[in-house]
Amino acid sequence: MPSGSMRVLVGALGFGFGFGLGLAAGESLAAPIAVLDKVVVLSRHGVRAPTQSDTRLASWAAHPWPSWPVARGELTPRGAELIRWTWAAQRDGLSAILGAGCPAPAAVRVHADTDQRTRATASALLAALAPGCGLRYSVAATRHDPLFHPLKAGVCRFDPAAARAAVEAAGGGLTALAQRLRPSLAVIDAVSGMPISSWPTAVKASRVEVEIAGALGVGSSMAEIFALEWGQWPRHAPAWGALDGASLAALMPLHVAVFAQVNRTPYVAERRGSALLAAIATALAADDGQRLVAFVGHDTNIANVAALLDLQWTLPGRAPNEIPPGSALVFERWREESRTVVRVRFLAPSPLQMHADPPVGAPPSAALRLACGTRCDSNEFAAQARRSIRAECVPRQRPTSPGAP
């Protein structure tokens, strides 16, 4: 048996190589032999500089913030390095569908959002998977890509009052969330030198945006910035030297909880995530010669799609459902003996890998459970996606233009 075929067979039998998802609890060890047929990826961009203005950041802390090597919100060279490392580690698993050497250009489609950080991430991903092959990604021909930002692109809109009410009421409500996160907000106060926990929390909404402002929103954003610093500077501790790996990990549930309060709320996820879920389902179902399809966007996109499919994950060293820079939802189409199945996994560098220079090993991943199981019949997956999609938020056409190699 050729070595590539052996890798696919071993992965299908659950030994954890490359793109083999293994077996979930309760699944039979006699699962049918499966062959990987197609992969669709929804990736977050890599480590970037903060998106907030210098003036806004200065209002959040009594200390001067570190200087980043790129402009606001842009992917850093270190971020690109981590993306290349992440996807170079996937080459062996993907060789089963892409072959050795340069894949045919028609076999790979990578589409990035229009921001510099997503475009640069797409370039790094292609450079890692197909070095020297000159493959190009595509981008929208409009300022706001309706695939990643259907509201800003005018495909559909929020009712501001309904969006605000939905976020305020999600889970146990904002008051309960703030109470639960008080210890984490106290850490934010201590490291920032500002009384952020005392700032009033409120939900702000418009026809295209919804966010949590005040203590919870600022605390969440600061925790994320500290995580970005952790990935950016391997030789320095984040938060003005106040946090190590353990204390940062203890703080991250603050960001994850506030982020989920907005982006996993059904009202928000349906309107923001339906376009991407429709594109993922369409790509998975298509027999068009494309073997790898990747959409390079944001953590909001991953959270929205995950909420629509009720996907949950936990990776070592990370908070449940944390979406770190460079992480990805990976949808795999497998041919079994008598049917086609869909498997989903979440892939992300560990905190130790993100802080190492250079990163070592391979990023861990977790097999995820859909409503129809961890090995979901492709027709059942398509039906679940259709039930979750809000049709009026799916664009009919998405003009694109080629990006850089």
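This is a predicted model: local features need pLDDT of at least 70, side-chain atom pairs count only at pLDDT 80 or more; totals for chains, interfaces and linings use all residues.

Residues are numbered from 1 along each chain as its sequence is written, and side-chain values use heavy atoms, with hydrogens and water left out.

**Helix α5**

How many of the 14 residues of α5 are buried? The number is 10, where buried means under 20% relative accessible area, exposed over 50% and partly exposed in between, with a 1.4 Å probe and protein chains only. Among the buried residues are Arg117, Thr121, Leu125 and Leu129. The buried residues of α5 pack against β1 (35-44), α3 (77-88), α4 (91-98), β2 (108-112) and β6 (292-297), with contact meaning heavy atoms within 4.5 Å.

**The nonpolar cores**

A nonpolar core is a set of buried Ala, Val, Leu, Ile, Met, Phe, Trp, Tyr and Cys residues joined through side-chain atoms within 4.5 Å. Now select Trp65, Val210, Ile212, Leu216, Met222, Phe226 and Leu254, which touch the most other members of the largest nonpolar core, a set of 40 residues. The largest share of this core, 9 residues, comes from α9. Next, centre the view on Phe226, which touches Trp65, Ile188, Val191, Pro238, Ala239, Trp240, Leu243, Leu248 and Leu251, not counting residues up to four places away in sequence. Apart from this core lies another, of 38 residues, including Val40, Ala281, Ile302 and Leu308.

**Two helices side by side**

Select α11 (266-285) together with helix α14 (residues 378-388), and you will see that they pack at an angle of about 155 degrees, with their axes 9 Å apart; axes are lines fitted to C-alpha atoms, for helices over the stretch in contact, and angles run from 0 to 180 degrees between N-to-C directions. The two helices, α11 and α14, are therefore roughly antiparallel to each other, since angles over 145 degrees count as roughly antiparallel, under 35 as roughly parallel, 65 to 115 as roughly perpendicular and the rest as oblique. Glu270, Ser274, Leu277, Ala281 and Leu284 of α11 make the contact with Phe381, Ala385 and Ser388 of α14.

Most residues other than glycine have a negative phi, and most peptide bonds are trans. Select Ala239, in the loop between α9 and α10, where phi is positive, about 60 degrees, although the residue is not a glycine. At 1% relative accessibility, Ala239 counts as buried. Then go to Asn321, in the loop between α12 (299-309) and β7 (328-335), whose phi is also positive, near 65 degrees, and which is buried with a relative accessible area of 16%. Helix α12 is mostly covered, with 9 of its 11 residues buried, and it is followed by Asp310, whose phi is positive, near 55 degrees. Finally, select Asp357 and Pro358, where the peptide bond from Asp357 to Pro358 is cis, with omega near 0 degrees; Pro358 lies in the loop between α13 (351-355) and β9 (365-368).

Methods:
Helices (H or I, at least four residues) and strands (E, at least two) are DSSP runs, numbered from the N terminus.
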